[in-house]
Amino acid sequence: MQTNVANQKSTWSSRLRAMGPGILLASAAVGGSHLIASTQAGALYGWQLAIVILLVNVLKYPFFYFSTHYTLDTGKSLVEGYAEKSRVYIWIFLFLTVASSTISSGAVALITAVIVKTAIPALPLSVNMLAVGVMLATLLVLLLGHYRVLDGITKLIMISLTVATIAAAMIAASRGMQMVPDFVEPSPWNMASLAFIIALMGWMPAPLEATSINSMWVTAKQKLDPTNYKDAMFDFNIGYAVSTILALIFLALGALVQYGNGEAVEMVGGKYIGQLIDMYAATIGEWSRLLVAFIAFACMFGTTLTLLDGYGRVNAETVRLLSKSKQYSNCSVVFWTCWSAFSGLAVILWFNSALAEMLRFAMISAFLSAPVIAWLNYSLVRSTHRHAISVPMNLLAVAGLVYLIGFTVIFVLNMAGIWV
């Protein structure tokens, strides 16, 4: 009996030690896709899109799973695997990630600044100056602390974020739905809602290019504190499960307070978060304003941290492979992390009015590239043999590929005006 207890303690100790990359992935995911898209889904359609959120997380699961599996099995990053297939893939990949790192970093820092200004309107700083502060603070943490500090801060953010979000949802549930008596519930199951649903699915739980970032975090973790395959996969599964559950809880935040309350839902990210905070203050009480503002800030600040670090690592790795160097240097990671930060700030300060169009470009690029990245990830793990992919996982991956290709075709036909 004592031996069994000791073994169980040892198992949980090793699993807790392995925690890191999966939590970082969850933090990167719980940003715009959860805070904005999931909550808007609840505000617009109530609980109707819960099945869509759950389904897309299940169908994308294999391709995120493969990113951890492949790196643990081979000791290589996913980008190395892409390079071994063809250098064409990594040239295209570099173009996508450099563009995404600029646009996404600028967008998340700006939204974080909007949240701060909404929560503390008396601050004598403009939103743009607050965005500069957010970006520089994030950059300082990453450059001085590296992976260990990022890992520790992200765990703290995710624990407090999860507790606060569950508390807010439970408080809202105790007040009941806020639907006005004559409210007619809209249906999302029509072509007019297709653009919103595709946007919701495209970045849920995160764009598939994030699988390569997750692979880089697994590599960093293994260099600092090597863990066994089972424990590392446990970390991934916990992170992915937390991200999925939080997506549904954020849907509840919108459904419980905004759905059918008679007020039009703002669709612009920054304005929507301000509206959500105001709705909670009006429905639950002024004290809840800071609770919801904290949830929003934790979401977006955690995403800003993880995106800057992740894009810095993956861009450095891609350039290393293109230059045929043996390994990327810390200077290269610092350069690409600073690139994401300062080019993102340039977008905020000089191209703020075009940010919505840039985000749309990033979203479309991520959506169109998703089937290719999914196929690449799947083809890479089929050539690894240390830990074979199970039959159910193979079937789920095929189903995921069919889903991604199918919705990409529908999206292209809709953009072309052929299917409207």
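Select Ser86 first: this residue caps the N-terminal end of helix 6, with a side-chain oxygen 3.1 Å from the backbone nitrogen of Val88. Such a polar contact is a pair of N or O atoms within 3.5 Å; within protein, one must be able to donate a hydrogen and the other to accept it, and residues adjacent in sequence count only if both atoms are side-chain atoms. Helices are DSSP runs of H or I with at least four residues, numbered from the N terminus.

This is a predicted model, in which local features need pLDDT of at least 70 and side-chain atom pairs count only at pLDDT 80 or more, while totals for chains, interfaces and linings use all residues. Residues are numbered from 1 along each chain as its sequence is written, and side-chain values use heavy atoms, without hydrogens and water.

Now select all of helix 6, residues 87-119. Its 33 residues should span 48 Å at 1.5 Å a residue, and the end C-alpha atoms are 47 Å apart, which agrees. The expected span is 1.5 Å times one less than the number of residues.

Next, show helix 3 (residues 32-45) with helix 10 (residues 229-257): they pack at about 50°, axes 6 Å apart. Axes are lines fitted to C-alpha atoms over the stretch in contact, and angles run from 0 to 180 degrees between N-to-C directions. Helix 3 is therefore oblique to helix 10, a class left over once angles under 35 degrees (roughly parallel), over 145 (roughly antiparallel) and 65 to 115 (roughly perpendicular) are taken out. Residues in the contact (heavy atoms within 4.5 Å) include His34 and Gly42 of helix 3 and Phe250 and Gly254 of helix 10. By class there are nine nonpolar, six polar and no charged residues. Nonpolar covers Ala, Val, Leu, Ile, Met, Phe, Trp, Tyr, Cys and Pro; charged covers Asp, Glu, Lys and Arg; the others, Gly among them, are polar.

Finally, select helix 8 (residues 194-202) and helix 15 (residues 391-415), packed at about 140° with axes 11 Å apart. Leu194, Ile198 and Met201 of helix 8 touch Tyr403, Phe407, Ile410, Phe411 and Asn414 of helix 15.

Conventions
Helices (H or I, at least four residues) and strands (E, at least two) are DSSP runs, numbered from the N terminus.
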